[in-house]
Amino acid sequence: MINTKIYKAIYTLAEELLEVDRRGDQAKFDALYAELKAICTDNENTDKDHPEQWETLADFTEDLDEALVIYDKALVKATAINSKDHMSSIAFSMAVLQLETGETEAAIQNLQNAKVTANKIEDKEFKVEIDEMLAKLLPE
């Protein structure tokens, strides 16, 4: 379970990052991103460490290769606590980036992993999204 105070801070930062990105305010985006990164780094390997903070950081990381590294860290942390919701959403996000960077085989693997872990979650629309993306990538 993620610490409530940290969750609220991450959620607020995510909303603010979306807003400043929409406005095109790169300086404010960079400052908020640094704040989010500091939360992740400060909590790393403590009892407050949680995959959600790392997944959120990766979501806002502009360099795709760096984002994949952060998603991978989030996935390791989600796997360690057996959080199926996080495991499936992180694997899906990784697959989307891997498709953008031309890593189709890795994307397929992550989508297959997301499909397995999504079996245990409630979000039916997300499961359909995973299936549809896999269907486009896998030959009949």
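**Close-up 1. D49 and its neighbours.** Leaving aside residues up to four places away in sequence, D49 touches N43, E44, W54 and K77, where a contact means heavy atoms within 4.5 Å. This is a predicted model, so local features need pLDDT of at least 70 and side-chain atom pairs count only at pLDDT 80 or more, while totals for chains, interfaces and linings use all residues. Residues are numbered from 1 along each chain as its sequence is written, and side-chain values use heavy atoms, with hydrogens and water left out.

Close-up 2. Look for D49 in the loop between α2 (26–43) and α3 (51–59). Helices here are DSSP runs of H or I with at least four residues, numbered from the N terminus. D49 counts as buried because its relative accessibility is 18%, and buried means under 20% relative accessible area (1.4 Å probe, protein chains only). Its side chain makes a polar contact of 2.6 Å with the side chain of K77 and one of 3.1 Å with that of Q53. A polar contact is a pair of N or O atoms within 3.5 Å; within protein, one must be able to donate a hydrogen and the other to accept it, and residues adjacent in sequence count only if both atoms are side-chain atoms.

**Close-up 3. N45, out in the open.** N45 is also found in the loop between α2 and α3. With a relative accessible area of 67%, N45 is exposed (over 50%). Its phi is near 60°, a positive value in a residue other than glycine.

**Close-up 4. N82, between two helices.** The loop between α4 (64–80) and α5 (84–100) holds N82. Phi of N82 is near 55°, again positive in a residue that isn't glycine. N82 is partly exposed at 48%, a label for values between the 20% and 50% cut-offs.
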